[in-house]
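The entries follow in the order in which I made them.

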Amino acid sequence: MREILAHRTGEEMALNDAYLNPQLGRIVRTLGLDRTWVAGEGAHLIDSEGNRYLDLLSGYGVFAIGRNHPEAIAAVRDTMAANTANLPQLGVTLLSGVLAEQLLARAPGSVAAMVPVNSGTEAVEAAIKIARASTGRSRILYAEHAFHGLTLGSLSLNGDAIFREGFGPLVPGCEAVPFGDADALERALARGDVAARGDVAARGEVAAFVVEPVQGKGVNLPPDGYLAAAQRLCRDAGALFVCDEVQTGIGRTGRFLALEHWGLEPDLICLSKALSGGLVPVGAVLVSRAAFDGVFDGMERAVRHGSTFGGNDLAAAAALATLRVLDTEGLVARAERLGALLLELTTPLVERYEVVSDVRGLGLMWAIEFGPPPEGGARRSIWNAAERAQPGIFSQLIVGPLFHDHRILCQVAGHRMNVVKALPALVVEEQEIRRFAAALEEVVARAERIPRAFLRFGVGMAGRALTARK
Ligand SMILES: Cc1ncc(COP(=O)(O)O)c(C=O)c1O
């Protein structure tokens with residue numbers, strides 16, 4: 001590895017274009033983001049010229065304890081040095097058991113067992129299967145604008161056509177309800193009572209409602225009382241209530257699990273992303289005893305769901321170190337404090353700038369939304385023309401200068417939306433949060449003047465996918 005890193009650094013883009021994803025390469029070059037990244041440290045990425053960039057993407061949220069945290073690295077190294085009897089398969093291991101014990105101790109009493117997996121989408125796939133098998137029902141409800149991953153089952157719960165187009169037919173029996181609308185959920189749950197049983201297309205009773213407590217795409221916060229009402233409605237209808245905490249979990253929102261904000265007690269909780277400090281792919285589904293026993297209900301059925309690498313020692317070791325770091329460094333409380341500071345510093349932009357329509361967040365999951373300038377002026381015409389050419393293009397006027405002028409990496413929060421999102425590492429320094437808020441204001445003030453060049457930029461970009469994934 002030393003040899004490769006020493007002698008081939010700088011070839012990343014050529015290798016990507018030849019063998020990986022040249023369209024992604026085009027996006028990165030078009031936006032001028034094609035740095036040679038050589039290191040990551042805490043909340044920062046470092047390029048080959050030694051420049052430090054504040055990383056507000058955190059690898060789509062995996063680096064909550066910061067990039068390359070020494071304790072997580074040491075845990076992986078120690079486990080390798082111990083030559084553990086990893087993955088005996090017909091046998092059980094210590095580390096994933098300790099991880100399950102520690103996760104369940106931090107979770108609500110409604111869950112009692114853990115199904116180990118390797119990624120967020122695998123966690124959601126497992127949740128869908130567990131819900132169906134344990135209830136004997138087939139319909140799965142999900143919220144509009146949801147993102148639960150890109151394998152076929154999770155994709156069937158995806159609210160965004162751009163991800164779904166061309167991959168159908170998707171899993172039958174999956175149906176969207178508006179996020180935040182408990183009445184719509186109640187109606188969708190009730191429909192099953194009158195529909196014919198046994199038709200898996202869209203009829204029959206509901207096995208589960210799967211929901212992100214805060215939606216990652218767009219950072220949509222739930223209205224007051226919504227999630228508690230959803231849980232109650234699910235219970236009344238005999239459907240399982242599933243919280244996808246792949247993005248919101250592990251301290252991100254200022255609680256270990258976001259569901260703590262509302263005192264929820266789900267039947268299933270999906271975890272992944274930050275759980276292993278970003279070092280090793282990892283995931284877990286925390287499951288109620290009843291649902292678990294409804295699936296794994298006999299020796300013959302002991303392995304009816306699972307995955308070869310699920311519960312591997314390196315992932316468990318990195319996850320255990322991550323939990324310890326969260327505690328010893330007080331990162332959950334830190335996320336709450338710095339998230340409140342970020343909101344305090346950025347909320348006034350709504351009043352100060354016509355193009356800022358909203359600022360929102362929970363803990364260190366934050367977003368700013370842009371809207372058109374008032375009717376009548378030239379700026380409005382330019383905005384309209386550019387947005388017609390490429391919806392969501394205005395947000396590129398924010399993300400680009402933040403990167404080029406301020407060395408801050410952040411993302412557009414979803415396709416065709418003017419929402420810029422930040423998921424900083426929870427170890428981010430307060431002064432970096434202040435620097436981001438000041439840089440953002442400078443960039444917004446400049447972008448609000450909407451130069452004519454923007455129109456050319458927007459038209460030039462038309463048709464290109466410029467948006468980070470979720
Ligand atoms: C809420 C949520 N669920 C599931 C996933 C899928 O996770 P993965 O990319 O690890 O498959 C994501 C990824 O962004 C997510 O945000």
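Predicted model: local features only at pLDDT ≥ 70, side-chain atom pairs only at ≥ 80, totals over all residues.

**Notebook entries**

Entry 1, a side-chain pair. I found a polar contact of 3.0 Å that joins the side chains of R139 and E175. I count a polar contact as a pair of N or O atoms within 3.5 Å; within protein, one must be able to donate a hydrogen and the other to accept it, and residues adjacent in sequence count only if both atoms are side-chain atoms. R139 sits in strand β5, residues 139-143. Helices (H or I, at least four residues) and strands (E, at least two) are DSSP runs, numbered from the N terminus. With a relative accessible area of 1%, R139 is buried. For the record, buried means under 20% relative accessible area, exposed over 50%, and partly exposed in between, with a 1.4 Å probe and protein chains only.

Residues are numbered from 1 along each chain as its sequence is written, and side-chain values use heavy atoms, with hydrogens and water left out.

Which residues come nearest to the ligand? I listed G120, T121, D244, Q247 and K273, out of 13 residues around the ligand. A residue is near a molecule if one of its heavy atoms lies within 4 Å of it. I then sorted the shell by residue type and got two nonpolar, six polar and five charged residues. In this sorting Ala, Val, Leu, Ile, Met, Phe, Trp, Tyr, Cys and Pro count as nonpolar, Asp, Glu, Lys and Arg as charged, and the others, Gly among them, as polar.

A polar backbone atom of G120 is 2.9 Å from an oxygen atom of the ligand. For Q247, a polar side-chain atom lies 2.8 Å from an oxygen atom of the ligand. For K273, an N or O atom in the side chain is 2.8 Å from an oxygen atom of the ligand. The ligand taken alone exposes 390 Å², and the protein buries 89% of that. Accessible areas come from the Shrake-Rupley method with a 1.4 Å probe; for residues, only the protein chains shown count as cover.

I checked the length of α6 (residues 94-106): at 1.5 Å a residue its 13 residues should span 18 Å, and the end C-alpha atoms are 19 Å apart, which agrees. The expected span is 1.5 Å times one less than the number of residues. Which residues of α6 are buried? They are S96, L99, A100, L103 and L104. These residues cover an arc of only 125 degrees around the axis, so they are on the same side of α6. The arc is that of the directions from the helix axis to the C-beta atoms. An α-helix has 3.6 residues a turn, so residues three or four places apart point the same way. L94, E101 and A105 are exposed, on the face of α6 turned away from its buried side. G97 is also in helix α6, and at 39% relative accessibility G97 counts as partly exposed.

I noted a cis peptide bond between G168 and P169, with omega about -5 degrees. P169 is in the loop between α9 (161-164) and β6 (174-177). V219 has a positive phi, near 50 degrees, and is not glycine. V219 is in the loop between β7 (206-211) and α11 (226-237), and counts as buried at 0% relative accessibility. I250, likewise not glycine, has a positive phi near 60 degrees. I250 lies in the loop between β8 (240-244) and β9 (268-271), and counts as buried at 1% relative accessibility.

Is D47 buried or exposed? At 3% relative accessibility, D47 counts as buried, and its place is in strand β2, residues 44-47. H145 is in the loop between β5 and α8 (152-155), and is partly exposed at a relative accessible area of 44%.
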